Amino acid sequence: MRYLIITYVRKANGQIDEQCEVAKKIKERDITTANVILDFKDKKVEKCIIDGQVITMDWDKAYEYYKRVYPSIVERLEEEASQE
């Protein structure tokens, strides 16, 4: 796996759900619907849109945030991306 793909979904009651996915390739659907796409092979933020606004976020900041939120997933992505 190479990419961490995060999608935020706002429910009718205002609550926001976060969906996390890992992938080998980015699909067209990911580009249009995902809010955050991190490339662990090239160590870059492919996409970051929060509340409809493009956010300029450097790799280190995004990496540290998602490493705290999803430690086992990030660890696995690091291992697999380094083997590609």
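Mentor: Helices (H or I, at least four residues) and strands (E, at least two) are DSSP runs, numbered from the N terminus. This is a predicted model, where local features need pLDDT of at least 70, side-chain atom pairs count only at pLDDT 80 or more, and totals for chains, interfaces and linings use all residues. Residues are numbered from 1 along each chain as its sequence is written, and side-chain values use heavy atoms, with hydrogens and water left out.

Trainee: How many helices and strands are there in the protein chain?
Mentor: The protein chain has 3 helices and 5 strands. Along the sequence the pattern reads β-β-α-β-β-β-α-α.

Trainee: Where is Asp 51 in that?
Mentor: Asp 51 sits in the loop between E4 and strand E5 (53-54). Its phi is near 50 degrees, a positive value in a residue other than glycine.

Trainee: Is Asp 51 buried or exposed?
Mentor: Asp 51 is exposed, because its relative accessible area is 62%. Buried means under 20% relative accessible area, exposed over 50%, and partly exposed in between, with a 1.4 Å probe and protein chains only.

Trainee: What about Lys 43, what is its phi?
Mentor: Lys 43 has a phi near 50 degrees, again a positive value in a residue other than glycine. Lys 43 is in the loop between E3 and strand E4 (44-50). With 47% relative accessibility, Lys 43 counts as partly exposed.

Trainee: Which strand pairs with E1, and in what sense?
Mentor: E1 pairs with strand E2 (residues 16-23) in the antiparallel sense, over 8 bridges. Two strands pair if DSSP finds at least two bridges between them. One of the bridge partners is Ala 23 in E2, which goes with Tyr 3. E1 and E2 form a hairpin with 5 residues between them, and Gly 14 in the turn has a positive phi of about 95 degrees.

Trainee: Now the inside. Which residues have the most contacts inside the largest nonpolar core?
Mentor: Leu 4, Ile 6, Val 36, Leu 38, Phe 40 and Tyr 66, in a core of 14 residues. A nonpolar core is a set of buried Ala, Val, Leu, Ile, Met, Phe, Trp, Tyr and Cys residues joined through side-chain atoms within 4.5 Å.

Trainee: Which elements give two or more residues to this core?
Mentor: Strand E1 (3-10), strand E3 (36-39), helix H2 (59-69) and helix H3 (71-83). H2 gives the largest share of this core, 4 residues. Apart from this core lies another, of 5 residues, among them Ile 5, Ala 23, Ala 34 and Ile 37.

Trainee: What is Leu 4 in contact with?
Mentor: Leaving aside neighbours within four places in sequence, the contacts of Leu 4 include Cys 20, Val 36, Leu 38, Phe 40, Tyr 66, Ile 73 and Leu 77. Contact means heavy atoms within 4.5 Å.

Trainee: And Asp 30, is that buried or exposed?
Mentor: Asp 30 is buried, with a relative accessible area of 2%. Asp 30 lies in helix H1 (residues 28-33). Not counting residues up to four places away in sequence, Asp 30 touches Ile 5, Glu 21, Lys 25, Ile 37 and Lys 47.

Trainee: You mentioned a cysteine. How many disulfides does the structure hold?
Mentor: The structure holds 0 disulfides. Cys 20 is in none, and the nearest cysteine sulfur, that of Cys 48, is 14 Å away. A disulfide is a pair of cysteine sulfur atoms within 2.5 Å.

Trainee: One more residue. What does the side chain of Asp 58 reach?
Mentor: The side chain of Asp 58 reaches the backbone nitrogen of Lys 61 at 3.1 Å. Asp 58 is in the loop between E5 and H2 and, at 46% relative accessibility, counts as partly exposed.

Trainee: Last topic, the whole chain. How many of its residues count as buried?
Mentor: Of the 84 residues of the protein chain, 30% count as buried. The C-alpha atoms fill a box of roughly 40 × 25 × 20 Å, taken along the principal axes.

Note on methods: Polar contact = N/O pair within 3.5 Å; in protein donor to acceptor, adjacent residues only side chain to side chain.
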